[in-house]
Amino acid sequence: MKKFTKYIAVFILPIMLLAVLFEVLIRRIPNDYGYKKSYLDHHAKEVNILFLGSSHVYYGINPKYIKSSFNASYISQSFDYDLEILKKYSNQWTHLKYIVIPVDYFSFYGRLENSPEAWRAKNYRIYYDINTDHKIFNNTEMLSNKLDINLSRLYNHYLKGENDISCSNLGWGSSYKAINHKDLVKSGATAAARHTAKDNLQYPTNVHLLDEIIAFAEHKNIKVVLFTSPAYRSYVSHLSKKQLNTTLSTIKKLNTSHTTIKYFNLLQDSSFHAQDFYDADHLNEIGAKKLSLKMNVLLAKI
C-alpha cells in the first residue's frame, strides 16, 4: 500500500507542479480586465464620465471623443458587476459627474453567471478582485478553461509575443472593424433570439440592482444617464414586443421615482445606418465614433 501511495505521489506531484506553473504564467498575460483595474486604480479620481455595461458600450463608446471619460464596460457585463465596480472605487470617484449605463432589450432578463459567457466571471475574481459568485472553479484559470485554450494562450504570449488586451487605452473595444462586418440580416435574427428571455426570473433582481446603482450615484451627487443602444432594423424587427415594452416601461418607472436620471432611447435612431454596424446589435469603429460624439452632445445638454 505504501509503495502504491508513493507511486501515485510521484505520478501526481509533477502534474500538480506543472498546473501551478501554468496558472502563474497565464495570470501574467496582460488582459482587458487587469488593464481596466490598473487604469482605475491609478486614474479613478480623474474620471468625470464613467461608462459601464455590456458589449454594446464596450464596442460602441470610444472615450477618445469624450473628455475625461473611461469605458469600464465589458462583454456580457451585467448590472451586478457594474455596481461592484462602482463600489470598489467608491472613495476615489472624487471628480465623477456622470455614470452612463445601457438599458437594452436583454438588460433586465439575464446576468453574467446565468449566460453562456459565465466563464468570464473568473476574470473579475482573478484580475479585478471582484467576487459576486461562489463557484470554486472561478478561482483559477486552469480549472475554468479548457486545456487547449490555456495552452494556446501560453503559446501566443510567450512564443509569439501576443497578449489578451483588445481594448484601447481608455477601455474601448476596438476589434469590431467595419471591414470584418457580419451579415446584418442573419445576425439580427440570431441575436434577437439569443436575447429574448425564456422567463422573468432575473427581472426583479436586475431592477433592484439598477435601483442600487442609481441610489449609489444619488448619495454621491453623481448624475445617472441611461440609454438604449442603437441597433440595426433586422435586430429590432425580431424583438419580442412584450419584453421590449416591459423594459421601456420599467425605465419610465425608474425615471419617475428618480428624477435625477436621464434616459435616451437610441434603439431606432435614424442617424445610424448599415455601414455603422459590425453586426446587427453592435457598432463598428465608424458607428462607435458616431455614438460617442452623439453621447458627448447629449451629456453637454444635461
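His-56, Gly-60, Ser-229, Pro-230, Asp-281, His-282, Leu-283 and Leu-291 line the largest cavity of this predicted model, in which local features need pLDDT of at least 70, side-chain atom pairs count only at pLDDT 80 or more, and totals for chains, interfaces and linings use all residues. Residues are numbered from 1 along each chain as its sequence is written, and side-chain values use heavy atoms, with hydrogens and water left out. On a 1 Å grid over the protein atoms alone, a cavity is a set of points where a 1.4 Å probe fits but cannot get out, a pocket is an open set with protein on both sides within 12 Å along at least five of seven lines, and lining residues have an atom within 4 Å of a point.

**Cavity**
- The count comes to one cavity of 30 Å³ or more, and the largest cavity holds about 40 Å³ of space, a volume being the space filled by probe spheres set on grid points joined across faces, edges and corners.
- Its lining divides into three nonpolar, four polar and one charged residue, where Ala, Val, Leu, Ile, Met, Phe, Trp, Tyr, Cys and Pro count as nonpolar, Asp, Glu, Lys and Arg as charged, and the others, Gly among them, as polar.

**Largest pocket**
- The largest pocket has a volume of about 970 Å³ and is lined by 39 residues, of which Ser-76, Ser-115, Pro-116, Arg-194 and His-195 lie nearest its centre.
- Two or more lining residues come from each of α3 (55-58), α4 (79-88) and α8 (184-195), helices (H or I, at least four residues) being DSSP runs numbered from the N terminus.
- The largest share, six residues, comes from α8, and the lining as a whole has 13 nonpolar, 17 polar and nine charged residues.

**Second largest pocket**
- About 340 Å³ of space lies in the second largest pocket, and of its 19 lining residues the closest to the centre are Tyr-74, Trp-119, Arg-120, Asn-123 and Asp-164.
- The helix α5 gives the largest share of this lining, three residues, and the classes are nine nonpolar, five polar and five charged.

**Packing of α4 and α9**
- The axes of α4 and α9 (residues 203-219), lines fitted to C-alpha atoms over the stretch in contact, lie 9 Å apart at an angle of about 25°, and the two helices are therefore roughly parallel, a term for angles under 35 degrees.
- Phe-79, Asp-80, Asp-82, Leu-83, Leu-86 and Lys-87 in α4 meet Asn-206, Leu-209, Leu-210, Glu-212, Ile-213 and Phe-216 in α9, contact meaning heavy atoms within 4.5 Å.

Note on methods:
Axes fitted to C-alpha atoms, helices over the stretch in contact; angles between N-to-C directions. Parallel < 35°, antiparallel > 145°, perpendicular 65-115°, else oblique.
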